[in-house]
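Please look at the sequence and the structure below before reading on.

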Amino acid sequence: MDADIIIIGASPAGLMAARNASEKGADVLLLEKKTGIGHPPHPANSFFKGMLDRCGETVDPSYVVHYLKGMKIISPSGREVVVETPGYSIDKTKFDRFYAAKTEKAGVDLRTGIEVYNILKAGGEFSVSSSEGTFSSKLVIISDGINSKLAGLLGLKTMKYPQDLAWGIEMDIRAKDLGKPEMFEYYVGNHAPGWKTTYAPRGGDSAAIGAYVRRCGKDANPYLDAWVERFKKLKGLEEIEVVTKRYGGDPIVTIPNEFISDGVMVVGGAAGQSGLGYAMRAGQICGDVAAGAVKTGDVSKAALSEYRKNWEKEYRTEHYLGRIALETLRKMTDREIDEMVRVFEKEDLSFIHGSAFEQAMQVFMFMLKKKPSALLKYRAFLRNR
Ligand SMILES: Cc1cc2nc3c(=O)[nH]c(=O)nc-3n(C[C@H](O)[C@H](O)[C@H](O)COP(=O)(O)OP(=O)(O)OC[C@H]3O[C@@H](n4cnc5c(N)ncnc54)[C@H](O)[C@@H]3O)c2cc1C
């Protein structure tokens with residue numbers, strides 16, 4: 001055996017799974033196809049503190065490029081809901097390297113420039129074939145991201161609603177003082193069907209703007225182009241310099257489905273777990289269960305189901321509520337979105353706290369007191385669109 005556990009993909013999920021499994025005593029080999037960790041970088045560029053808190057991680061200034069005070073959610077007619085919560089614009093390459101270093105320090109054998117092609121099971125062990133030969137292990141964790149081919153090769157349908165994948169583009173841009181504001185901005189409405197356009201200040205003259213859509217094909221370029229023109233008008237800019245443009249898929253509302261089989265676990269984007277913080281926490285849960293399984297010598301699906309159980313305890317409700325919210329948004333008219341945002345406009349929303357379910361109930365009660373008729377807008381969820 002080359003290792004107890006082979007992990008494929010040094011994604012945020014894969015790195016955390018590797019670190020936790022190694023810290024709990026497993027011998028871990030982590031294979032990554034990029035020749036350098038975090039390069040070329042993934043388009044993700046920001047997160048909010050609460051997401052890392054749930055992983056028990058503290059934010060490290062080494063990868064932060066700009067500190068944010070919170071976010072504004074902006075309706076089609078420009079109404080704003082302000083949510084104050086500490087956030088961070090990050091250098092994703094530095095972020096990945098920060099976690100890769102922690103993972104190696106925990107004893108993981110991290111090897112880059114190795115692309116995995118296939119996973120075969122023979123007897124009680126796995127053969128992982130790659131560009132650098134074949135490796136063997138008792139257990140395999142697949143964390144190869146949203147374009148995962150390996151989970152599919154093993155017959156796993158990892159997402160319940162794969163047709164609802166969001167496709168997005170992030171563009172790093174420069175214009176005088178564009179990076180100075182301290183609020184992240186999300187724009188919702190039919191200009192970005194199914195999700196959002198964004199503006200993330202990144203300090204000084206740097207910012208990132210993005211467009212994310214669902215059920216509109218994989219090419220979000222037309223939505224980004226329209227967003228660039230609107231953004232220039234909104235910010236009074238004649239020209240912007242485009243520095244980089246990066247594409248990708250985000251499984252935000254696809255809902256994790258089959259992500260475990262005998263000796264195999266799938267985690268992160270490959271399993272329909274979206275977002276840096278969610279992928280990292282799922283990686284921790286997965287790594288802990290994997291280490292326990294190799295220690296007891298039972299890597300059966302039944303034993304590994306502890307991963308599903310623990311993940312569901314923390315995240316199932318949140319994922320379903322998130323799906324209901326984004327599906328409702330996708331089906332609402334711009335006018336309905338404006339009317340709903342009006343209920344929250346200029347309100348202090350700091351009372352919202354607790355689990356996702358508790359938060360949803362607090363929002364529901366708030367709307368019920370403030371403007372019960374606005375709740376009718378949620379009927380949009382039942383529309384056949
Ligand atoms: C445009 C865009 C912007 C986003 N912005 C944000 C954001 O700002 N904040 C946020 O929280 N989330 C954001 N997300 C979502 C978030 O980035 C992902 O959910 C997160 O990166 C989790 O991805 P992952 O860990 O599953 O995999 P990834 O980060 O995609 O990593 C997969 C890794 O596996 C490696 N790999 C793939 N195949 C193989 C193979 N066969 N062999 C070996 N290695 C392999 C890849 O090289 C890669 O390193 C964004 C998503 C998109 C598409």
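## Where the ligand sits

The model is predicted. Two domains contribute to the shell around the ligand: domain 1 (3-43 + 93-161 + 254-320) and domain 2 (166-250) each supply at least three residues. Of the 34 residues around the ligand, the nearest are Gly9, Ser11, Gly145, Gly248 and Gly268. Two or more residues of the shell are given by each of helix H1 (12-23), strand S2 (28-32), strand S3 (46-48), strand S10 (166-174), strand S14 (241-250) and helix H6 (276-296).

Strand S14 provides the largest share of the shell, 3 residues. Sorted by class, the residues around the ligand are 13 nonpolar, 14 polar and 7 charged.

## Two helices in contact

Two packed helices are described by the angle between their axes and the distance between the axes. For H1 and H6, the axes come within 7 Å and cross at roughly 30°. The crossing of H1 past H6 is right-handed.

On the side of H1, the contact includes Pro12, Ala13, Gly14 and Leu15. On the side of H6, the residues in the contact include Leu276, Ala279, Met280 and Ala282. The residues of this contact between H1 and H6 comprise 14 nonpolar, 5 polar and 2 charged.

## Strand S4 and its partners

Strand S4 (residues 64-74) and strand S5 (residues 80-90) run antiparallel and are joined by 9 bridges. His66 has Ser89 in S5 as its bridge partner, and Tyr67 stands opposite Tyr88 in S5. S4 and S5 form a hairpin with 5 residues between them. In the turn of this hairpin, Gly78 has a positive phi of about 95°.

The pairing of S4 with strand S11 (residues 183-187) is in the parallel sense, over 5 bridges. Here Gly70 stands opposite Met183 in S11.

How values were computed
Residues are numbered from 1 along each chain as its sequence is written. This is a predicted model: local features need pLDDT of at least 70, side-chain atom pairs count only at pLDDT 80 or more; totals for chains, interfaces and linings use all residues. A residue is near a molecule or strand if its C-beta atom, placed from the backbone, lies within 6 Å of it. Helices (H or I, at least four residues) and strands (E, at least two) are DSSP runs, numbered from the N terminus. Ala, Val, Leu, Ile, Met, Phe, Trp, Tyr, Cys and Pro count as nonpolar, Asp, Glu, Lys and Arg as charged, and the others, Gly among them, as polar. Domain bounds come from an automatic or database domain assignment. Axes are lines fitted to C-alpha atoms, for helices over the stretch in contact, and angles run from 0 to 180 degrees between N-to-C directions. A crossing is left-handed if the near helix is turned anticlockwise from the far one by less than a right angle, and right-handed if clockwise. Two residues are in contact if their C-beta atoms, placed from the backbone, lie within 7 Å. Two strands pair if DSSP finds at least two bridges between them.
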